[in-house]
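Reader: Hi! Could you walk me through a protein model, a piece at a time?
Author: Happy to, just ask away.

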Amino acid sequence: MCGIVGVASSAPVNQLIYDALLLLQHRGQDAAGIVTQLDRKFFMHKAKGMVRDVFRTRNMRALPGNCGLGQVRYPTAGNAFSEEEAQPFYVNAPFGLVLVHNGNLTNAHALKAELFSNDHRHINTESDSEVLLNVLAHELEKTTRGLSLKPQDVFEAVRGVNRRVKGSYAVIALIAGHGLLAFRDPHGIRPLCMGRSADGTIMLASESVALDGTMHQFERDVAPGEAIFVDLQGQLHSQMCADKAQLSPCIFEYVYLARPDSTMDGISVYQARLNLGETLAKRVISTVPPSDIDVVIPIPESSRPSATQLAHLLGIPYREGFVKNRYVGRTFIMPGQSVRKKSVRQKLNVIVSEFKGRNVLLVDDSIVRGTTSREIVQMARDAGANKVYMASAAPPVRYPNVYGIDMPTAEELVAHGRSTEEIRQIIGCDALIYQDVDAMKTAVAQARVSGVGAGALSAFDASCFDGVYVTGDISADDISRLNESRPQAQEGAEDNSRLALPNASE
């Protein structure tokens, strides 16, 4: 899960891309990169770290040009500690290509072998994004004749990519001397949208918040299987490049990953989370009498809309009981469990008066490993709570995600192979209430704005909840191989992944 942006303008774009990446920072804090194009030359700077740390004034001055790309990285495959795997990626033929990618290729291993033996292309990292770049380069080479490149050639190349590549991919690329290309996988698993500013600048980005915050008017989402090509004259060309496209976006985007002020595929993220709180309220009533709950407290921050709506419907006071410290290292990957627990307490602090002598209902967006949830429940008890109930706006996470979210292996998931009662005992709460899978899908679908979106909503990818992988090509062996390619932690390394506190996603 990463954040990507591409801009084609008649004015310098370095500052604009930087501003958009700040708005997408929640999608990745591991590394950041920007590439711009002036004439036929690319200028690139990328490094590990947050956007504000990676780019200094001298770096921005070295990024001239009126079109460019940017990415914030959250590693789900390859080496999380190699700056070489920060994006954008570059290859010099044909024409010169740079690419940013959000998603995860499920057949990267087979593609890498094909690229070596059949396409005679060299892959120098473990990143599936470099594999994708080289597949695109090879397909472009096949469709072009001489130096000319027509939009139809670009679309034919994307068709070739769609035939070869499996998994999830939202892609933005620059073709030196020709223009900006964006395309989305045939299932639309990862998001991508487009907008324009008053001066005609075209921006493509992972979330609509990047458009809103940079004064671009949202126009539409890129449809599943669609490719958009913006030439150097600013003319936009688009075409469907997949035979069987259907919109099946990742539901975890709405549950947790996306900013609440974004709209993706016509679905308001904020409204989706309100709806999840409404359906969760019905589950709470069937488990714990509302009269036995004194206060509803969210675990910041993604769960707040759901907790607010739940408290409103139950007629129970809503209170902020946890304060987040924004200036400590993240906690998802730590060298030992004792260090992990220490980091949880550094990151969240309790307001004792909201817990002491009360029966509290803690609301979180999801529970993944369960270790953070257990620690938070203990913090509530230490603050004097009489009873601690836990409600999750998402269903139990029972299966690995293979489409670009760095979920743990099945064995690390607290809900894998366990009943709700067994999970409750592990977490240590007095009652545990989960969202229902079908109710979750309905709640998110009902947040769709009428007449807005990238076509009819076919289904959601909810594979981490129901084990159904929308691409239909995932086996147990595939999951095992993909787990082997997950980024490994270095001893004592600071984690910058998204799935960390403040949300109890461990």
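The chat below goes through a sheet, some helices and a few single residues.

Author: One thing before we start: this is a predicted model.

Reader: Okay! In what order do the strands of the open sheet of 4 strands come?
Author: The order is β16-β19-β20-β21, and the pairing is parallel. The edge strands are β16 (295-298) and β21, each of which pairs on one side only. On average, neighbouring strands are turned by 20 degrees against each other, direction ignored.

Reader: Which strands does helix α10 touch?
Author: Helix α10 (residues 304-314) packs on the sheet and touches β16 and β19 (359-364). The direction of α10 makes about 170 degrees with that of β16.

Reader: And where does α12 lie?
Author: Helix α12 (residues 371-382) lies across β19 and β20, and runs at about 150 degrees to β20.

Reader: Which way do the residues of β21 point?
Author: Ala431 and Ile433 point one way, Leu432 and Tyr434 the other way, and all are buried.

Reader: What about Glu411, is that one buried or exposed?
Author: Glu411 has 65% relative accessibility, so Glu411 counts as exposed. You'll find Glu411 in the loop between β20 and α13. Glu411 and Arg369 are 42 residues apart in sequence, with their C-alpha atoms 9.5 Å apart in space.

Reader: New topic! Which residues of α16 are buried?
Author: In α16 (residues 476-484), the buried ones include Asp478, Ile479, Leu482 and Asn483.

Reader: What do the buried ones pack against?
Author: The buried residues of α16 pack against β6 (97-105).

Reader: Last one: where is Ser197?
Author: Ser197 sits in the loop between β9 (193-196) and β10 (202-205). Its relative accessibility is 16%, so Ser197 counts as buried.

Reader: Which side chain does the side chain of Ser197 make a polar contact with?
Author: With that of Asp199, at 2.3 Å. Leaving out residues up to four places away in sequence, Ser197 touches Met215 and His216.

Key:
Residues numbered from 1 in each chain as written. Predicted model: local features only at pLDDT ≥ 70, side-chain atom pairs only at ≥ 80, totals over all residues. Heavy atoms only, no water. Buried < 20%, exposed > 50% of the residue type's maximum accessible area, 1.4 Å probe, protein only. Helix = DSSP H or I, 4+ residues; strand = E, 2+ residues; numbered from the N terminus. Contact = heavy atoms within 4.5 Å. Polar contact = N/O pair within 3.5 Å; in protein donor to acceptor, adjacent residues only side chain to side chain. Pairing = 2+ DSSP bridges. Axes fitted to C-alpha atoms, helices over the stretch in contact; angles between N-to-C directions.
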